[in-house]
Amino acid sequence: MNLSKWVLSGILVCGTGLFFVQKYIDKQMFWVIGVFLVYFFLHSLYDIQIGPKIRYTFDQQNNAVYKSSLFFSKRKILNLNEAVIFVHSEMGSWYYSLGAQKSQFVKNYRISENFSSSSKKDKRKKEYDEVILMKIDKLILSMQPS
């Protein structure tokens with residue numbers, strides 16, 4: 001989320017700067033850059049305002065994993081006994097994802113924040129592993145057929 005705040009502030013600076021250099025660049029280039037800035041602005045706002053409010057519920061009784069967010073009520077996304085947690089990496093950082101065993105790389109859901117190799121992130125990763133991930137793993141393993 002901190003990265004999104006930095007990106008958002010960079011977009012605002014670039015947007016302001018774009019108006020100052022408007023007379024020095026082509027009109028089409030101005031609009032192309034403007035459209036990209038608007039897209040990244042909206043994406044950053046989503047990451048800051050909506051992304052943290054997404055919740056996943058692991059229901060052992062109904063053998064289901066539910067997803068709820070600010071705009072959508074609780075809906076089933078997959079069966080608990082088919083769930084697998086894996087590491088997904090992109091651009092120097094990584095995070096935990098949740099997906100169905102047979103299609104985890106096609107459709108998956110981010111269930112953690114980004115982690116990197118900094119000592120502050122190592123502490124947060126350790127806390128996440130011990131508090132959250134361990135409980136999810138136990139729940140998934142208890143649902144697997146013997």
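**Close-up views of a pocket and a sheet**

By class, the residues lining the second largest pocket comprise 7 nonpolar, 3 polar and no charged residues. The model shown in these views is a predicted one.

**View A. The second largest pocket and the residues that line it.** The space in this pocket amounts to about 180 Å³. Its lining is formed by Gly15, Thr16, Leu18 and Phe19, together with Phe30, Trp31, Gly34, Val35, Leu37 and Val38.

View B. The greatest contribution comes from α2, which supplies 6 residues to the lining of the second largest pocket.

**View C. The open sheet of 3 strands.** The strands follow the order β1-β2-β3 and their pairing is antiparallel. At the edges of the sheet lie β1 (55-59) and β3 (75-79), each of which pairs on one side only. From one strand to the next, the twist averages 30°. In general, the strands of a sheet pair through backbone hydrogen bonds, in either a parallel or an antiparallel manner.

**View D. The pairing of β1 with β2.** Strand β2, made up of residues 64-68, runs antiparallel to β1, and the two are joined by 5 bridges. Within this part of the sheet, Phe58 stands opposite Val65, a residue of β2.

Conventions:
Residues are numbered from 1 along each chain as its sequence is written. This is a predicted model: local features need pLDDT of at least 70, side-chain atom pairs count only at pLDDT 80 or more; totals for chains, interfaces and linings use all residues. Side-chain values use heavy atoms; hydrogens and water are left out. On a 1 Å grid over the protein atoms alone, a cavity is a set of points where a 1.4 Å probe fits but cannot get out, and a pocket is an open set with protein on both sides within 12 Å along at least five of seven lines; lining residues have an atom within 4 Å of a point. Grid points are joined across faces, edges and corners, and a volume is the space filled by probe spheres set on the points. Helices (H or I, at least four residues) and strands (E, at least two) are DSSP runs, numbered from the N terminus. Ala, Val, Leu, Ile, Met, Phe, Trp, Tyr, Cys and Pro count as nonpolar, Asp, Glu, Lys and Arg as charged, and the others, Gly among them, as polar. Two strands pair if DSSP finds at least two bridges between them. Axes are lines fitted to C-alpha atoms, for helices over the stretch in contact, and angles run from 0 to 180 degrees between N-to-C directions.
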